[in-house]
Protein chains: 2
Amino acid sequence: MSQPLRLGIAGLGTVGIGVVKIIRRQAALLEARTGRRIELVAVSARDASKDRGISLKDYAWETDPVALAKRDDIDVFVELMGGHEGAAKEATEAALATGKDVVTANKALLAIHGQALAEQAEAAGRIIRFEAAVAGGIPVIKSLTEGLAGNEITRVMGVMNGTCNYILTQMEATGQGYNALFEECGRLGYLEADPNLDVGGIDAGHKLTLLSSIAFGTKPAFDKVRLEGIQRISLEDIHHAADMGFRIKLLGVAQRSARGLEQRMSPCLVPANSPLGQLEGGTNMVVIEGDAVEQVVLRGPGAGEGPTASAVMGDVCDLARGLKIPTFGQPANTLEDVVPAQTGLPAPYYLRMSLLDKPGALAKVAAVLGEAGISIDRMRQYGHEDATAPVLIVTHKTTRDALDQALTAMAETAVVDGEPVALRIETV
Amino acid sequence: MSQPLRLGIAGLGTVGIGVVKIIRRQAALLEARTGRRIELVAVSARDASKDRGISLKDYAWETDPVALAKRDDIDVFVELMGGHEGAAKEATEAALATGKDVVTANKALLAIHGQALAEQAEAAGRIIRFEAAVAGGIPVIKSLTEGLAGNEITRVMGVMNGTCNYILTQMEATGQGYNALFEECGRLGYLEADPNLDVGGIDAGHKLTLLSSIAFGTKPAFDKVRLEGIQRISLEDIHHAADMGFRIKLLGVAQRSARGLEQRMSPCLVPANSPLGQLEGGTNMVVIEGDAVEQVVLRGPGAGEGPTASAVMGDVCDLARGLKIPTFGQPANTLEDVVPAQTGLPAPYYLRMSLLDKPGALAKVAAVLGEAGISIDRMRQYGHEDATAPVLIVTHKTTRDALDQALTAMAETAVVDGEPVALRIETV
């Protein structure tokens with residue numbers, strides 16, 4: 001008989017409790033599949049007295065996650081606390097330093113300190129697994145790192161923040177504005193303690209950082225992701241996009257070309273009838289494109305007790321089965337520095353602006369675009385009752401740089417009220 | 001430095017050549033990811049003189065695949081010949097007997113002889129991998145066996161025959177009938193040598209057998225799959241389904257309940273706006289449902305040189321990385337015999353029949369359904385110009401047994417011309 005695989009879990013929130021439940025409910029199944037008993041030895045959380053809905057008296061309790069990580073009666077440290085500094089980082093380092101493998105759902109920690117942690121793990125001959133850090137229950141890290149390992153990956157895209165997707169789909173479905181839905185998400189508990197992690201694209205940007213590292217063999221570099229949140233998307237944008245056959249999604253894209261590596265997380269227009277366009281509510285989707293496989297699309301629940309615990313347990317089963325793969329799919333010392341693309345690949349853009357009611361205003365906007373080398377595919381000026389007229393422009397393919405140049409020049413014309421909304425139309 | 005992983009490939013059709021191309025094109029990438037050089041040593045096909053578009057002179061040539069399988073200078077036997085008897089089976093057995101791991105795309109071989117081969121592999125301490133056997137480039141075997149290993153799987157569904165999906169979607173898109181599109185598929189080379197493998201649901205049934213074995217820990221048992229092809233689907237069915245918000249798909253479903261294990265491959269109605277309903281052309285889709293993960297949907301190309309070679313290379317990389325997992329996810333001697341559900345789970349059904357133009361005919365049909373305990377949700381009789389009237393019925397939830405009983409009784413009423421078409425409406 002093989003030795004049991006002994007776990008310590010730090011963090012007993014929704015996901016932690018979900019993992020405990022699976023370990024108990026599916027003990028026989030897990031042993032049949034992995035050939036080893038999966039045994040929970042110790043847990044850690046701040047408050048031992050809190051009612052978490054299940055009894056935890058069979059497990060040793062550590063108030064300090066670092067003490068849990070150092071215990072010599074566990075093989076795997078399961079980090080479900082979150083946060084990229086402090087206890088989560090210290091405990092992960094302590095676990096690796098004392099010979100444990102690590103399973104984590106912590107996207108922020110790995111997006112920011114992943115390179116150092118991967119190096120530490122490899123030096124110690126240990127493994128870090130993080131399926132639960134990206135796109136909840138979807139086995140996307142495994143698909144990308146292992147299933148598609150024969151591919152040169154050309155692009156990875158994803159809708160990976162359920163809260164943003166919920167807000168954007170509810171805006172179209174209910175006609176409520178961004179602010180009302182943002183408040184609703186707060187009441188429903190859909191928002192992180194710092195809501196900017198969600199609506200500012202940071203959380204999804206962390207996830208994109210991890211996918212991008214695996215896909216392109218680069219060091220994870222969250223600071224090289226171009227981030228833009230959904231806070232400025234209005235109902236008008238949602239409706240204009242729908243009229244033209246598009247939906248607006250907070251879309252992460254990592255793409256390598258001769259220009260370098262582009263990594264961006266921003267609201268984009270995608271065709272309404274594409275898999276990404278049809279994605280509703282809290283569901284996540286990741287699209288992976290490779291030179292051999294063409295395109296694979298993975299869809300599933302992006303969060304929640306069961307789905308995230310499923311991803312954690314997938315990693316635990318891998319460790320029980322003896323899988324040994326470097327953190328980001330190849331040895332950490334072979335990962336290259338990200339060389340960001342100086343100019344992104346061209347795309348059509350959607351522009352919405354408020355034009356001041358002055359003679360020649362529209363002509364000035366058109367001239368500014370022309371001077372930046374941007375040609376116009378469609379333009380509409382809407383009727384208006386106040387001093388500004390809503391204007392909608394869809395450009396032909398152009399670069400973000402040319403667009404930024406035009407937007408700067410546009411501000412100087414003094415015919416546009418406020419800052420235009422500019423959204424990329426992504427080919428999917 | 002690790003030793004290279006040495007391959008022998010039997011079968012140099014589209015997929016075999018695709019694998020050779022990846023090994024050559026991505027040598028550096030594969031070595032970076034797996035830590036080992038992937039080296040092609042020998043190949044086998046019937047005709048050495050045939051022009052396959054690339055030079056094969058660097059590899060030893062074996063006319064006999066069994067001789068290739070037995071070579072002592074290969075570590076992995078890659079079987080891409082196909083067929084569940086004869087050379088493919090003998091060569092696979094020979095490879096295992098002489099200490100090689102096996103990577104295969106052969107769904108028929110494993111669906112029919114998988115249990116014996118898995119037992120042989122385990123007795124020899126070898127591995128059989130078969131990602132390319134199911135759903136082309138989609139890493140579905142890996143997702144189910146590894147990524148979702150923490151789940152008790154409740155249902156696996158899939159559209160896994162691109163030719164059938166092409167025919168069904170083209171019927172709706174172009175208004176051409178089944179026969180015309182069947183002939184077109186023949187001209188385009190989309191059909192197997194025995195077309196019944198495609199349109200009779202056999203090929204997709206083989207794939208379902210493999211998914212079902214992994215999902216439910218049962219011995220692969222193709223003979224326990226209830227098979228029905230798409231040959232009787234008419235344009236009328238396609239249009240009626242569309243009118244009601246459905247699409248017809250050749251859908252494989254494996255589902256476990258207290259009744260036992262249901263495994264069926266049959267044309268079903270699915271909601272037109274569901275991911276399965278929206279799947280077009282040769283694309284494949286697999287839906288996996290588990291107690292923790294809820295639902296994961298995987299979509300990608302179901303065939304073709306690049307996608308299938310991508311799946312083969314995923315398995316090769318796993319072997320290079322030292323992965324060791326039993327063929328069907330748990331040791332072959334722990335797989336249980338399939339206990340088929342005596343009665344399938346109830347569902348609504350779509351019925352289309354030609355009613356003879358006799359007084360009381362419709363009443364007789366309705367009475368027969370009532371006697372079988374089947375209640376009618378919707379019924380339409382269409383105008384007609386000959387001696388039979390098209391009648392369309394959607395039932396409330398009923399079992400296939402009750403329906404078969406009603407269909408038998410209906411034949412005895414002598415008011416129905418020919419055999420009614422009966423299609424399950426699947427909840428997705």
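In which handedness of crossing does helix 5 of chain B pass helix 10 of chain B? In this predicted model, the crossing of helix 5 of chain B with helix 10 of chain B is left-handed. Helix 5 spans residues 107-123 of chain B and helix 10 spans residues 202-216 of chain B, and the two pack with their axes 8 Å apart at an angle of about 55 degrees. Angles from 65 to 115 degrees would count as roughly perpendicular and those under 35 degrees as roughly parallel; helix 5 and helix 10 of chain B are therefore oblique to each other.

The residues that bring this pair together can be followed on both sides. Helix 5 of chain B contributes Lys107(B), Ala108(B), Leu110(B), Ala111(B) and Gly114(B). These meet Asp203(B), His206(B), Lys207(B), Thr209(B), Leu210(B) and Ser213(B) of helix 10 of chain B. By class, the residues of this contact between helix 5 and helix 10 of chain B comprise four nonpolar, four polar and three charged.

Strand 1 (residues 5-10) of chain B runs parallel to strand 2 of chain B, and six bridges join them. Within this pairing, Ile9(B) has Val43(B) of strand 2 as its bridge partner. Strand 2 of chain B also runs parallel to strand 3 (residues 60-62) of chain B, here with three bridges, and Val43(B) stands opposite Trp61(B) of strand 3. Strand 2 of chain B, residues 38-44, is mostly covered, with five of its seven residues buried.

In chain A, an open sheet is built from six strands in the order 3-2-1-4-5-6, with parallel pairing. Strand 3 (60-62) and strand 6 (128-129) of chain A each have a single partner strand and stand at the edges, so one side of each lacks a neighbour in the sheet. Further in, strand 4 (residues 76-79) and strand 5 (residues 101-104) of chain A pair in the parallel sense over four bridges, and Phe77(A) has Val102(A) in strand 5 as its bridge partner. Helix 12 (residues 305-320) of chain A packs on this sheet, where it touches strand 1 (5-10), strand 2 (38-44), strand 4, strand 5 and strand 6 of chain A. The direction of helix 12 makes about 160 degrees with that of strand 5 of chain A.

The two chains also meet each other, and the contact takes 49 residues from chain A and 49 residues from chain B. On the side of chain B that touches chain A, helix 2 (27-34), helix 6 (140-147), strand 12 (294-301) and helix 12 (305-320) of chain B each supply at least two residues. That side of chain B has 21 nonpolar, 18 polar and 10 charged residues.

Ala402(A) lies in helix 14 (residues 400-413) of chain A. With 19 other C-beta atoms within 10 Å, Ala402(A) is partly exposed, because a residue counts as buried at 20 or more. Beyond its neighbours within four places in sequence, Ala402(A) is in contact with Ala372(A), Gly373(A) and Ile374(A). Gln278(A), in turn, is 124 residues from Ala402(A) in sequence and 30 Å from it in space, C-alpha to C-alpha.

Methods. Residues numbered from 1 in each chain as written. Chains lettered and ligands numbered in written order. Predicted model: local features only at pLDDT ≥ 70, side-chain atom pairs only at ≥ 80, totals over all residues. Pairing = 2+ DSSP bridges. Contact = placed C-beta atoms within 7 Å. Axes fitted to C-alpha atoms, helices over the stretch in contact; angles between N-to-C directions. Parallel < 35°, antiparallel > 145°, perpendicular 65-115°, else oblique. Left-handed = near helix turned anticlockwise from the far one by under 90°. Nonpolar A, V, L, I, M, F, W, Y, C, P; charged D, E, K, R; others polar. Buried ≥ 20, exposed ≤ 12 C-beta atoms within 10 Å, placed from the backbone.
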